[in-house]
Amino acid sequence: MKKFVGMFLILLFVFPSIVLASDTISVNKEVADIAGNAKSAILIEATTGKIIFEKNSHEKLAPASMTKIMSMLLIMENIDKGVISWDDTVTTSENASSMGGSQILLETGEQMSVYDMFKGIAVASGNDAVVALAEYIAGSEEEFVNMMNKKAKELGLKDTVFKNPHGLDTANHYSSAYDMAFIAKELVKYEKVFEFTSIYEDYLRKGTDRELWLVNTNKLVRFNPIVDGLKTGFTSEAGYCLTATAKKNNMRLISVVMGEPDTKTRNSETTSLLDYGFAKYKAENIVTKDTVIDKLKIEKASNKSVDITPINDYSVILEKTDKIGKITYDLKLKNIKLPIKKGDKIGTLIIKEDNKKISEVDVTVKQNLKKANMLELYGTYLKSILNGNINF
């Protein structure tokens, strides 16, 4: 035995490449099997949409409750547009209260805030809550489903048809890992959503005789410190599914696994996907929402000069051994008309690496701009005279 160990150590010292080669094979096999039990899987970076890993990513499968990612996206959009607000009171219809599967036990006629219903969707995957909010926004569940499919088309997604807002098995209700990832990419632009999806446990109707303990169906938000969402799914047809997201070192990843055999495998392979992405890739910030690109000057505005900033952050995703090239910008502004609100698109920032276009980012103003009133215009005119900027 001692002779064998001795010979092995000599070989290791003289021929280290033998061991290194076997390690390389092991790593490659690990990457190939990273989602070995999933029918379909994908891993993307959330800002750029760069695909880091995929397996059968366009296969059309039942998405189960991951359907609610699209429902939550439409709810967030309608809140952002001011169509509804977090404090609105929603009355539960008979249709909503009759939903099977996971529920927050809404009763017909029960009233609950948008905030609490959204919590019930994000944490407990409440089918009754998502139908109640769908009806509140669109007038009917059917019209909300039309909105879901319209949004999928707007995003350029080709593997998805929704038949309901909750994900219970229904004929011809399907999506893909690819489409789910890119719907999630839109949802995570709303930072507010993490206030809900990162909750592990909470209560609804606190202090009443109908108090309900909520426990997140996504156990990774408890056991993995960087995971802060997003949505699980399970039906007999879909198997165990999970769209997850995590942020580390200024980089957010989104993973999707579909058709897993059980929750343990679903969580394990999701963790492996995320670990792989963070181990191999890095994010180089190019611009953020706080980056001042230029100054916008409009004489007839109440503020004569305002900063131009990107609407969204933009990063380049690189393998950790790579370096970014020389970055330059071209700013193209639209024909600007007052008033302008912060968040309104006023133009585009073209980003180039080594003089080659790599992306476009919409730009906005850092603060609202409105037309100056007569008194403000007169003040500006008088100031120009006093400063000698106007000659007679």
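The largest pocket of this predicted model has a volume of about 1400 Å³. Of its 42 lining residues, K189, K289, I311, N312 and D313 are closest to the centre. A pocket here is an open set of points on a 1 Å grid over the protein atoms alone, where a 1.4 Å probe fits, with protein on both sides within 12 Å along at least five of seven lines; lining residues have an atom within 4 Å of a point. Volume is the space filled by probe spheres set on the points, which are joined across faces, edges and corners. The lining has 12 nonpolar, 11 polar and 19 charged residues (Asp, Glu, Lys and Arg count as charged; Ala, Val, Leu, Ile, Met, Phe, Trp, Tyr, Cys and Pro as nonpolar; the others, Gly among them, as polar).

The second largest pocket holds about 210 Å³.

Now the rings. The whole structure has 7 aromatic pairs (Phe, Tyr or six-membered Trp rings with centres within 6.5 Å; planes under 30 degrees apart are stacked, over 60 edge-to-face, the rest tilted). W86 and Y115 pair edge-to-face, 5.9 Å centre to centre and 70 degrees between the planes. W86, Y115, F118 and F196 form one aromatic cluster. K192 lies over the face of W86, 5.6 Å from the ring centre (Lys NZ or Arg CZ within 6 Å of the centre and within 35 degrees of the ring normal).

Residues are numbered from 1 along each chain as its sequence is written. Local features need pLDDT of at least 70, side-chain atom pairs count only at pLDDT 80 or more, and totals for chains, interfaces and linings use all residues, while side-chain values use heavy atoms, without hydrogens and water.
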